[in-house]
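Please open the model in your viewer and keep the sequence panel at hand. The tour below goes from one selection to the next and says what is found at each stop.

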Amino acid sequence: MSRTLEEVQATIQIAKLKENDLQNTIHCLTFGESVSSGDYCLMELDDTLCKHIEAGKSLVIRGDQDERAVLCSEDKTYDLKIADTSNLLLLVPGCLTPDQLTTDNQASSQLVHSQIWGFSNSYWELRKCHPKLKKLKRLLMENPYEGPGISGQEDVTEGKYTMGDLLERIQASEEELEAQLQTIHACEVNGYWRLLDFDYEMKLLGHITQLVDSESWSFSKVPLRVSLEELGRLEPQEMIEHSLNCYGRRYTDNDEVLFALNEDKVCRATAQMLLQNAAKFNLAEFQEVWQQSVPDGMGTRLDQLKSLALVDRSSKPETISLLRVEDLPEDTLERFTHLFTMRQKWTEEDITPYIQDLCGEKQTTGALLTKYARLSTQNGMKVFNSRRLVAT
């Protein structure tokens, strides 16, 4: 039964409240029929996401059954966490807050009857997080692209994923997913995103560097048209252009499309090719073979291998081994546990490439090390040891 204004004013007097201290617009709340706490889920949004929704754009919740759900906008990923509140949260459509009431609304006491559509004692809290991209490479490696296959082989769709498929499976925004596809050198073949088999990727790169050498071109001026004409007889032209995009920078000079090959990327890929076939490599021997393996005119440096290979200077002789950051756990605690299982003591120079991707927008590797590692001194050198870390 709805209350009248007189009944409300009488209740105010019994409660010994001064009507002048209250808003003139009084909401009389009643529960709608069959209302329960499970009818609605509430979510707290910041100004950016509110504007995103108000602009007619969507937010998507992503995650398989065995994963913690995340919320994705067009370009960001957020962790979802339930926050409990001691106050009951009521969902009242059309209810005006004091700052929304006009002077006319508040000129004299008036009663507004509002119906409660739902209620809850918890809400979803959002926290910006890194996209969960490790799964992407695992999915694409189910069926890597090894070049033009036997007739009919490319008609098989098992282990192949469209962009829509990947957005359903990967916990990342579309912009973050597209950036990662570019980072891992994936390409779209017949509508499916494919990861090139590494041997095939190196074969394509080898064709390009050999052509540059045979034509006596500068590494900074590789013409696209001539490259496609010359190498198109060996491999699909779209694969040659894809390789140039992966290992070079596209630019235009006098209406001609050219590529400047990136020395660091070429040397890094060559190092990976050498290191993936051995558990450990004598550092001095590796550096000699590595320099001999890259195209003439390019120079190799160990700093080209950050987050790809790990040098052990404590061993005699010194060694180098493959350690790719993308193969490490995505979770921060698991990452540090794994690193300190591999090696008890790390210099800041060695460990930084393997934790840099864990830093947030305003977080530094130094802050991560302070939280997850213990600083000590060994032979006058600062090193980081493991803390006893517990998941929270």
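Begin by selecting His185, Leu196, Glu201, His242, Ser243, Cys246 and Tyr247, which line the largest cavity of what is, please keep in mind, a predicted model. A search of the whole structure finds 1 cavity of 30 Å³ or more, and the volume of the largest cavity is about 30 Å³. Rolling a probe the size of a water molecule over the atoms shows where empty space is left. If you colour the lining by class, you will find 3 nonpolar, 3 polar and 1 charged residues.

Which helix gives the most to this lining? Select residues 237–247, and you have helix H8, which contributes 4 residues to the lining of the largest cavity.

Side chains of opposite charge can pair when their charged atoms come close.

Select Glu241 together with Arg250, and you will see a salt bridge in which the closest N and O atoms are 2.6 Å apart. Glu241 has a relative accessible area of 24% and is partly exposed, and Arg250, with a value of 37%, is partly exposed as well.

Now move to Arg233 and Glu230, whose side chains meet in a salt bridge with an N to O distance of 3.0 Å. Is Arg233 buried or exposed? Arg233 counts as exposed because its relative accessibility is 65%, whereas Glu230 is partly exposed, with a relative accessible area of 31%.

For the following stop, select Arg301 and Glu263, where the side chains form a salt bridge at 3.9 Å, N to O; the cut-off for such a pair is within 4 Å. Arg301 lies in the loop between helix H10 (283–293) and strand S13 (309–312), while Glu263 belongs to helix H9 (residues 263–275), so the pair ties together parts that are 38 residues apart in sequence. If you display the surface here, Arg301 is partly exposed, with a relative accessible area of 36%, and Glu263 is partly exposed too, at 28%.

Definitions and conventions
Residues numbered from 1 in each chain as written. Predicted model: local features only at pLDDT ≥ 70, side-chain atom pairs only at ≥ 80, totals over all residues. Heavy atoms only, no water. Buried < 20%, exposed > 50% of the residue type's maximum accessible area, 1.4 Å probe, protein only. Helix = DSSP H or I, 4+ residues; strand = E, 2+ residues; numbered from the N terminus. 1 Å grid on protein atoms, 1.4 Å probe; cavity = no way out; pocket = protein on both sides within 12 Å on 5 of 7 lines; lining within 4 Å. Points joined across faces, edges and corners; volume = space filled by probe spheres on them. Nonpolar A, V, L, I, M, F, W, Y, C, P; charged D, E, K, R; others polar.
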